[in-house]
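Biologist: Before we discuss particular backbone positions and the way the strands are arranged, could you bring up the sequence and the structure?

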Amino acid sequence: MREKFFRVWAIWCLIFTFTSLLTVTPFYWLIFKLGGNKAFQVGHIFSRFLAFYALFFYRVRLRVSGKDNLTLSNTYIIVSNHASHLDTPVGLAAFPYPVRFLAKEELKKAPFLGYIISNMHLTVSRGNHSDRVKSVEKMRAALLDGTSLWLFPEGTRNRGNVTLNKFYDGAFRLAAETGYPMIVATLIGTGNRLGAKSLLRFTPGKVKVMWSSPMVSHDQHLLKQYAWSELERNLSAYENR
């Protein structure tokens with residue numbers, strides 16, 4: 001009975017998500033067409049509202065710790081673990097300042113969502129060298145514009161039984177070369193609510209975001225080691241509690 005409920009709940013949440021995207025896409029279109037230089041800021045405020053609304057509907061209760069490590073005056077390169085489709089709305093709700101996520105190029109083809117991603121966030125095709133170069137240039141431009149970046153160094157959602165997958169170097173190289181502070185966000189419980197293996201098992205409950213102290217360094221290996229140790233420590237503590 002319990003598993004049947006979770007499956008029915010997942011289907012209901014999928015229907016809600018699709019109909020919501022269908023409803024809000026025209027509002028994004030108006031924002032992008034009429035917003036001018038303020039379009040991204042307005043779109044971000046709208047996206048955060050939708051993230052809170054979606055989490056409320058999904059019955060996902062968000063807890064955030066370490067908020068004192070965040071300041072409005074800083075522009076951050078955020079790195080986090082990645083285990084669920086919930087990670088993006090959870091991240092939007094947990095980070096109060098303008099931020100762009102780096103997503104896979106294929107997501108631009110998704111109905112409605114692809115239009116929003118194309119205008120609000122950045123994409124990369126890992127198999128295309130010239131596209132990766134262009135993505136780095138766009139990330140640098142976003143940072144210079146005062147917009148933080150949210151990157152998943154695992155590259156994709158973690159579908160395995162290990163705490164973390166191997167990290168790609170891009171996020172840490174960018175932080176080392178630009179000198180912007182890197183901050184680690186540990187997303188706890190998102191994979192338990194909606195795992196990477198199936199969209200047909202959704203369980204209401206708590207998730208948590210833990211903000212670690214920001215770090216500035218021109219040594220990408222040191223940044224990578226710090227991010228790994230913070231994420232592994234926080235995730236392991238949650239799994240072993």
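Biologist: In which loop is arginine 59 found?

Modeller: This is a predicted model, in which local features need pLDDT of at least 70, side-chain atom pairs count only at pLDDT 80 or more, and totals for chains, interfaces and linings use all residues. Residues are numbered from 1 along each chain as its sequence is written, and side-chain values use heavy atoms, with hydrogens and water left out. With helices (H or I, at least four residues) and strands (E, at least two) taken as DSSP runs numbered from the N terminus, arginine 59 is found in the loop between helix H2 (39–58) and E1.

Biologist: Why does arginine 59 count as partly exposed?

Modeller: Arginine 59 has a positive phi, near 60 degrees, although it is a residue other than glycine. Buried means under 20% relative accessible area (1.4 Å probe, protein chains only), exposed means over 50%, and partly exposed is in between. Arginine 59 therefore counts as partly exposed, its relative accessibility being 43%.

Biologist: What is the relative accessibility of phenylalanine 112?

Modeller: Phenylalanine 112 lies in the loop between E3 and helix H4 (113–120), and its phi is positive, about 65 degrees, although it is not a glycine. The residue counts as partly exposed because its relative accessibility is 27%.

Biologist: Which residue in E7 stands opposite serine 65?

Modeller: E1 pairs with strand E7 (residues 205–211) in the parallel sense, over six bridges. Within E7, the residue that stands opposite serine 65 is methionine 210.

Biologist: Which residue in E5 is the bridge partner of isoleucine 77?

Modeller: E2 and E5 run parallel and are joined by three bridges. In E5, the bridge partner of isoleucine 77 is leucine 149.

Biologist: And which residue in E5 is the bridge partner of valine 99?

Modeller: Strand E3 (residues 99–104) likewise runs parallel to E5, and three bridges join them. In E5, valine 99 has as its bridge partner serine 148.

Biologist: Are the residues of strand E5 (residues 148–151) buried or exposed?

Modeller: Ser148 and Trp150 point one way from strand E5, whereas Leu149 and Leu151 point the other way. Whichever way they point, all of these residues are buried.

Terms used
Two strands pair if DSSP finds at least two bridges between them.
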